[in-house]
Amino acid sequence: MDVKNLSLFPATEAQIKVHRERTFEPWGRGLDLESFCQRDIALGHLPHAAHGRWQVWILAPRENAPTNLDFFCSCETYEREVVVSGKGTMLGYGVASVITPPRHRGKGYARHMMRLLHYILADRRLSSTFPPFPLSEWGAPPAVPAGFGRGIASALYSDVGPTFYQQCGIGTSKDNGWIVKDPEVTIWQVPDDTPLPSNLEPLTEETQEEVWEADAKLIQDEVGGETPTTTFAFLPNRGVANFLQARSFFYEPSTREGGVWGCKMKDLDHTRLSFATWCLDPGREGPQTLLITRLRCSPQSFPTILNAAFNAARTFGLVQVEIWNLDSSLRDVGKELGGVTSMRDDHLSALAWYGEGSVHDVRWRYNEKFCWC
Ligand SMILES: CC(C)(COP(=O)(O)OP(=O)(O)OC[C@H]1O[C@@H](n2cnc3c(N)ncnc32)[C@H](O)[C@@H]1OP(=O)(O)O)[C@@H](O)C(=O)NCCC(=O)NCCS
């Protein structure tokens with residue numbers, strides 16, 4: 001089909017239901033269809049998604065899009081706060097659940113949907129070189145619903161390697177789509193026994209949001225003042241980091257009551273925030289892992305915090321602790337503590353950039369698990 005006849009549309013309720021059912025096949029992970037859909041609906045009411053921050057998009061023929069339940073492909077976006085060096089707090093987006101049903105695959109639909117998505121998400125006023133919409137090749141641009149078109153960046157986590165999303169470029173370019181950035185992982189095997197640190201407070205579902213608030217302020221200060229490289233980070237507050245932990249409950253309902261979801265160093269002089277938060281991902285293939293979603297600490301406090309994560313992992317019956325992009329100041333200590341660092345081959349963090357300059361030159365800081373979607 002000629003791509004000029006297709007466009008990107010916000011999904012109706014009926015289309016969201018079809019999209020959700022389609023995502024069950026690749027991402028059901030041990031849940032039955034009903035539990036999977038209930039989980040999706042429940043997570044959609046949490047702060048990271050509520051009040052229009054979560055949106056499903058469909059690629060469909062222009063002539064029947066509102067009623068089409070056999071649309072070609074679909075994806076989701078989450079609006080998020082980001083901080084950009086020299087600019088302060090702005091908006092960005094996370095992109096998730098890109099799916100084409102098997103009968104429509106291999107016809108270029110996902111690629112076209114993702115190319116169109118840039119024109120829904122980008123604030124085109126932010127770059128003097130943002131490519132114009134290729135009208136003669138793609139027909140009329142998609143309508144940008146109220147509240148969209150405000151992003152300086154969007155990010156996704158590719159499970160199909162680095163090339164496909166890079167080729168979903170802005171305009172007709174094939175190399176300025178979502179560019180993989182630092183898909184690094186460090187993994188520790190959980191020891192049989194570790195001392196229970198005494199100078200730590202456990203973080204629970206109730207207490208961790210205030211830590212993410214404090215962390216967000218520090219990230220804003222740290223990234224906001226960075227020069228000369230353009231630096232960017234997602235912020236963990238407003239429910240963003242909490243989403244992964246909330247998701248954990250659906251795989252392990254027993255962890256809902258009394259679970260410890262992180263730890264914070266007792267801050268005697270109130271000058272330094274040292275903490276880790278974590279989540280479970282028991283549906284993954286391979287060893288059962290506790291994932292550190294966000295870590296802020298010094299090399300001195302890192303062993304204590306890691307011990308707390310080991311303790312939590314043992315309590316949950318998990319055998320590994322994993323973190324993405326361990327801060328460079330912690331690498332040596334992490335290695336001494338048995339951590340093995342490598343490049344991930346899935347969930348490749350990838351960035352599309354709508355501000356001035358090239359995405360290749362943008363530094364993504366705090367590229368940890370907390371902003372995954
Ligand atoms: C990935 C997916 C969305 C592609 O949809 P599609 O409409 O068939 O995509 P297009 O026709 O636009 O492009 C096909 C390209 O997808 C890429 N692709 C698809 N599956 C891939 C995989 N598992 N690994 C690497 N690349 C893959 C290929 O590069 C292919 O390029 P080619 O045509 O040169 O061979 C679809 O296969 C799908 O829904 N898969 C299951 C869900 C999933 O994994 N989604 C991605 C999560 S990050």
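1. Let's start with a term you'll need: a residue is called buried under 20% relative accessible area, exposed over 50%, and partly exposed in between, using a 1.4 Å probe and protein chains only. Take aspartate 182: with a relative accessible area of 43%, it is partly exposed. Its phi is positive, about 45°, although it is not a glycine. You'll find aspartate 182 in the loop between β6 (179–180) and β7 (184–189); helices (H or I, at least four residues) and strands (E, at least two) are DSSP runs, numbered from the N terminus.

2. A word on what you're looking at. This is a predicted model, in which local features need pLDDT of at least 70 and side-chain atom pairs count only at pLDDT 80 or more, while totals for chains, interfaces and linings use all residues. Residues are numbered from 1 along each chain as its sequence is written, and side-chain values use heavy atoms, with hydrogens and water left out.

3. Back to the backbone. Most residues other than glycine have a negative phi, and most peptide bonds are trans. Histidine 51 has a positive phi of about 55° and is not a glycine. Histidine 51 sits in the loop between α2 and β2 (54–61), and with a relative accessible area of 82% it is exposed. Then there's the peptide bond from threonine 227 to proline 228, which is cis, with omega near -5°. Look for proline 228 in the loop between α6 and β9 (231–234).

4. Now the overall layout. The protein is divided into domain 1 (3–182 + 347–371) and domain 2 (185–343), with bounds that come from an automatic or database domain assignment. Taken over C-alpha atoms, the domain centres are 27 Å apart. Domain 1 puts 37 residues into the contact and domain 2 puts in 35, where contact means heavy atoms within 4.5 Å.

5. Next, the empty spaces. Rolling a probe the size of a water molecule over the atoms shows where empty space is left. On a 1 Å grid over the protein atoms alone, a cavity is a set of points where a 1.4 Å probe fits but cannot get out, and a pocket is an open set with protein on both sides within 12 Å along at least five of seven lines; lining residues have an atom within 4 Å of a point. Grid points are joined across faces, edges and corners, and a volume is the space filled by probe spheres set on the points.

6. How big is the largest pocket? Its volume is about 890 Å³. The lining of the largest pocket has 39 residues, and Trp27, Ala96, Ser97, Val98 and Ile99 lie nearest the centre. β4 supplies the largest share, 5 residues. Sorted by class, this lining has 21 nonpolar, 9 polar and 9 charged residues (Ala, Val, Leu, Ile, Met, Phe, Trp, Tyr, Cys and Pro count as nonpolar, Asp, Glu, Lys and Arg as charged, and the others, Gly among them, as polar).

7. The second largest pocket has a volume of about 410 Å³. Of its 20 lining residues, Asn325, Asp327, Ser328, Arg365 and Tyr366 lie nearest the centre. β12 gives the most to this lining, with 3 residues. Where does the second largest pocket lie? Domain 1 and domain 2 both give residues to its lining, so the second largest pocket lies between them.

8. There's also 1 cavity of 30 Å³ or more in the whole structure. The largest cavity holds about 30 Å³ of space, and its lining is Arg53, Arg80, Glu81, Leu235, Asn237, Arg238 and Val240. By class that makes 2 nonpolar, 1 polar and 4 charged residues.

9. Of its 10 residues, 9 are buried, so α7 is largely enclosed by the rest of the structure. Among the buried ones are Phe243, Leu244 and Tyr251. The buried residues of α7 pack against α1, α2, α6 (208–224), β11 (275–280) and β12.

10. Last, the cysteines. A disulfide is a covalent bond between the sulfur atoms of two cysteines; here the rule is a pair of cysteine sulfur atoms within 2.5 Å. By that rule the count is 0 disulfides. For cysteine 371, the nearest cysteine sulfur belongs to cysteine 373, 8.3 Å away. Cysteine 371 counts as buried at 2% relative accessibility, and cysteine 373 counts as buried at 11%.
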